[in-house]
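Reader: I would like to learn how to read a model like this one, feature by feature. Where do we start?

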Amino acid sequence: MKTVIPFGPQHPVLPEPFHVKLHMEGETIEGLDLQVGYCHRGLERIFQTDYKKVTFLIERICGICSFLHTLGYVRAVEEIMELTVPRRALIIRTIMAELERIHSHLLIIGLYGDALGYENYFMQSWRDRELVMELLEYISGNRVNYAMNQVGGVRRDLDEDRVKAAHKAIDELEKRTGDISKVLLNDVSIKLRTQGIAKLSKEDAIALGTVGPVARASGVAYDVRNTGYLIYPELNFKPIWETAGDNYARMQVRIRELFESYRMVREALKLLETEGSGEIMLAIKPNQRPNGQAFVRTEAPRGECFHYVKANGTPDLERVRVRTPTYANIYALTKMLPGADLADLPVAVVTIDPCLSCTDR
Amino acid sequence: MRTEETKKENLVAQAYEMKKEGWRLVCITGTDLSTDSEQKMEVLYHFARENEVRHLRVETDGTENYPSILSAYANALFLENELKEMLGIPVDGIKGELLLRLEDEVKAPLKRLRGVSYETREIKVEKNAEVAPQ
Amino acid sequence: MLTMLKNAILNLVKPSATINYPFTPIPSAKEARGALKIDGPLCIFCGLCSKACPAQAIQVSRADKHWEVDPYQCVNCGACVDVCPKKCLGFEEKYTAAAQKKSNVEFNG
Ligand code: SF4
Ligand code: SF4
């Protein structure tokens with residue numbers, strides 16, 4: 001029997017507000033219509049203001065990848081203004097970006113457990129996430145919206161105490177992630193519910209322009225960190241990818257990325273210690289203003305994030321355009337879900353790690 | 001950042017060609033460059049292939065029909081929807097009901113309207129903190 | 001599986017992990033950006049802070065020698081702290097407490 005089920009924007013199992021109209025054949029999903037836009041705040045219009053203020057406004061696009069948005073934006077403005085950022089600032093930016101990836105991945109791993117009906121797992125993962133949140137608060141002064149970046153460098157330095165605290169937190173986190181990942185990757189009932197379900201083939205992943213862990217789980221080894229911004233080339237970064245393309249593979253990629261991030265944070269912290277203190281912020285004269293346009297790609301926890309800035313020499317920017325990873329990924333649901341059961345929908349939605357306030361801006 | 005000029009008549013053919021060469025569409029950016037005397041918009045198509053990037057630039061006046069590259073790139077759907085909603089460019093076959101709701105007062109918020117004084121459309125950020133962005 | 005079981009049992013006997021807010025204050029990190037504060041007498045009412053503020057939270061009037069911040073509009077970014085020529089702005093580590101009424105923090109010179 002054919003039925004149409006409206007699903008969302010508010011629904012207990014949806015982590016984010018978006019609407020899908022499900023075309024069902026019995027218990028099986030045949031097709032779906034997507035509707036986003038419930039979080040639209042007109043931010044791109046508000047960004048047509050002073051370029052220094054935009055740094056603080058742009059991190060409010062999203063509370064989870066807020067550092068990445070400022071990072072992409074300041075990289076674009078620095079490219080326009082042809083600034084060379086001090087090395088210590090680059091190292092601190094790398095550390096922050098990776099810590100943010102850790103907290104985002106731990107968050108979605110928890111939600112994944114929740115979607116599977118495993119509440120204990122959710123609490124466990126979020127309790128561990130608290131460690132990295134506290135570390136981020138200690139480093140930047142705030143749990144979210146860190147206000148660390150500014151055009152020309154970073155605004156806070158990592159002193160010795162903070163480096164020590166970071167080492168301690170990363171060690172502890174690595175131990176705990178080892179514990180929880182064992183459950184996620186080896187548990188029989190979790191495997192039964194996720195392996196081979198909501199598959200995305202490599203061809204579809206490329207055709208739909210998916211990015212981040214969603215693409216990498218389908219065998220597309222595409223990671224923007226490879227393009228060599230910040231100090232990633234020095235940290236021997238290698239993209240992590242799987243080939244199965246199902247729910248299980250997408251979470252597997254994230255868990256393996258966590259360990260890669262721990263390693264990179266540790267190495268970057270060591271670089272900070274060995275190189276000693278130095279400049280973290282370039283002085284910018286008040287009459288020095290951006291004039292031109294730049295396009296920058298940054299790897300956010302959820303995938304490639306795109307920032308475009310166009311300035312015309314006045315303090316007010318002409319256009320800031322943001323294309324976030326979920327914008328590219330959410331459309332993949334229309335290819336992933338047909339053929340799956342209704343009960344698999346929450347899990348499949350969580351594995352693409354949707355962030356709708358990014359998507360709608 | 002170097003951009004390549006192109007005409008909107010050639011756009012779709014060029015998109016197919018780029019797809020064949022393995023470029024992926026990253027984003028479409030529309031900017032309103034209108035002044036008081038003329039109406040002009042630019043649309044940028046950003047493509048990437050591994051570490052290379054390419055940008056196509058199309059100029060339009062924002063009133064005539066505009067081609068859609070949806071047939072070549074499936075992920076252009078949301079991007080072209082936004083082009084229509086935010087700037088009011090009538091893209092072929094695109095409804096433009098993604099971000100704004102029908103009951104929203106503002107249509108095409110990124111468009112600079114000629115004949116309407118800029119002041120009334122400006123979100124008053126500088127002068128009055130009480131006025132909420134419309 | 002057993003790791004989770006161990007945790008579940010431990011959680012039964014451990015004290016509660018949440019804080020009894022507002023009776024117990026929330027701990028905040030060292031140098032956290034809790035709430036904006038002003039060291040009043042130093043301020044020269046130049047208005048630079050209100051110009052730099054991305055949230056339009058500060059209002060300064062040079063004529064009336066009046067400085068005012070709306071703590072509920074302030075996003076604790078610290079842009080005003082950076083630009084202040086007299087270095088009279090700063091942050092308290094404690095976060096703004098829950099309140100029943102909104103009120104601005106004012107200073108008259
Ligand atoms: S910038 Fe400093 S001195 Fe000037 S008005 Fe603000 S608080 Fe006072
Ligand atoms: S901290 Fe930021 S938002 Fe708050 S008053 Fe200062 S500049 Fe404005």
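This is a predicted model: local features need pLDDT of at least 70, side-chain atom pairs count only at pLDDT 80 or more; totals for chains, interfaces and linings use all residues.

Reader: Which residues are closest to ligand 2, and how many surround it?

Author: The shell of ligand 2 holds 13 residues, and the closest of them are C:Cys53, C:Cys74, C:Val75, C:Cys77 and C:Cys80. By class this shell has eleven nonpolar residues, two polar ones and no charged ones.

Reader: Which residues of chain C form a nonpolar patch on the surface?

Author: C:Leu10, C:Leu12 and C:Val13 form one, and together they have about 340 Å² of accessible area. C:Val13 belongs to helix H1 of chain C, which covers residues 2-13. C:Val13 counts as exposed because its relative accessibility is 67%, and the cut-off for exposed is over 50%.

Reader: What is the pattern of chain B along the sequence?

Author: Reading along chain B gives β-α-β-β-β-α-α. That comes to three helices and four strands. Chain B has 134 residues, and buried residues make up 46% of them.

Reader: Now salt bridges. How many does the structure hold?

Author: Side chains of opposite charge can pair when their charged atoms come close. Over all chains, the structure holds 35 salt bridges. One of them joins A:Arg88 to A:Asp157, with the closest N and O atoms 2.9 Å apart. A:Arg88 lies in helix H4 (residues 87-115) of chain A, and A:Asp157 in the loop between strand E5 (153-154) and helix H6 (160-186), so the pair ties together parts that are 69 residues apart in sequence.

Reader: Is A:Arg88 buried or exposed?

Author: A:Arg88 counts as buried, because its relative accessibility is 11% and the limit for buried is under 20%.

Reader: Which side chain meets A:Asp159 in a salt bridge?

Author: That of A:Arg162, at 3.0 Å from N to O. A:Asp159 is partly exposed at 31% relative accessibility, whereas A:Arg162 is buried at 3%.

Reader: Which side chain does A:Arg297 meet in a salt bridge?

Author: A:Arg297 pairs with A:Glu304, and the N to O distance is 3.5 Å. A:Arg297 counts as buried at 7% relative accessibility. A:Glu304 also counts as buried, at 0%.

Reader: Which residues are linked in a network of salt bridges?

Author: The network is made up of A:Glu98, A:Arg101, A:Arg216, A:Asp223, A:Arg225, A:Glu257 and A:Glu299.

Reader: Where does A:Phe18 lie?

Author: In chain A, A:Phe18 is in the loop between strand E1 (2-7) and strand E2 (19-25). The C-alpha atoms of A:Phe18 and A:Gln195 are separated by 25 Å, and the two residues are 177 residues apart along the chain.

Reader: Last, backbone angles. What is the phi of A:Asn236?

Author: Most residues other than glycine have a negative phi. A:Asn236 is not a glycine, yet its phi is positive, about 55°. A:Asn236 sits in the loop between helix H9 (212-217) and helix H10 (247-275) of chain A.

Reader: And where does C:Asn76 lie?

Author: C:Asn76 is in the loop between strand E3 (66-69) and helix H3 (79-83) of chain C. C:Asn76 also has a positive phi of about 55° without being a glycine. With a relative accessible area of 14%, C:Asn76 is buried.

Key: Residues are numbered from 1 along each chain as its sequence is written. Chains are lettered from A and ligands numbered from 1 in the order in which they are written. Side-chain values use heavy atoms; hydrogens and water are left out. Patches are made of residues with over 30% relative accessible area and no salt bridge: like charges are joined within 9 Å, nonpolar side chains (Val, Leu, Ile, Met, Phe, Trp, Tyr) within 5 Å. Accessible areas come from the Shrake-Rupley method with a 1.4 Å probe; for residues, only the protein chains shown count as cover. A salt bridge is a side-chain nitrogen of Lys or Arg within 4 Å of a carboxyl oxygen of Asp or Glu. Helices (H or I, at least four residues) and strands (E, at least two) are DSSP runs, numbered from the N terminus. Buried means under 20% relative accessible area, exposed over 50%, partly exposed in between (1.4 Å probe, protein chains only). A residue is near a molecule or strand if one of its heavy atoms lies within 4 Å of it. Ala, Val, Leu, Ile, Met, Phe, Trp, Tyr, Cys and Pro count as nonpolar, Asp, Glu, Lys and Arg as charged, and the others, Gly among them, as polar.
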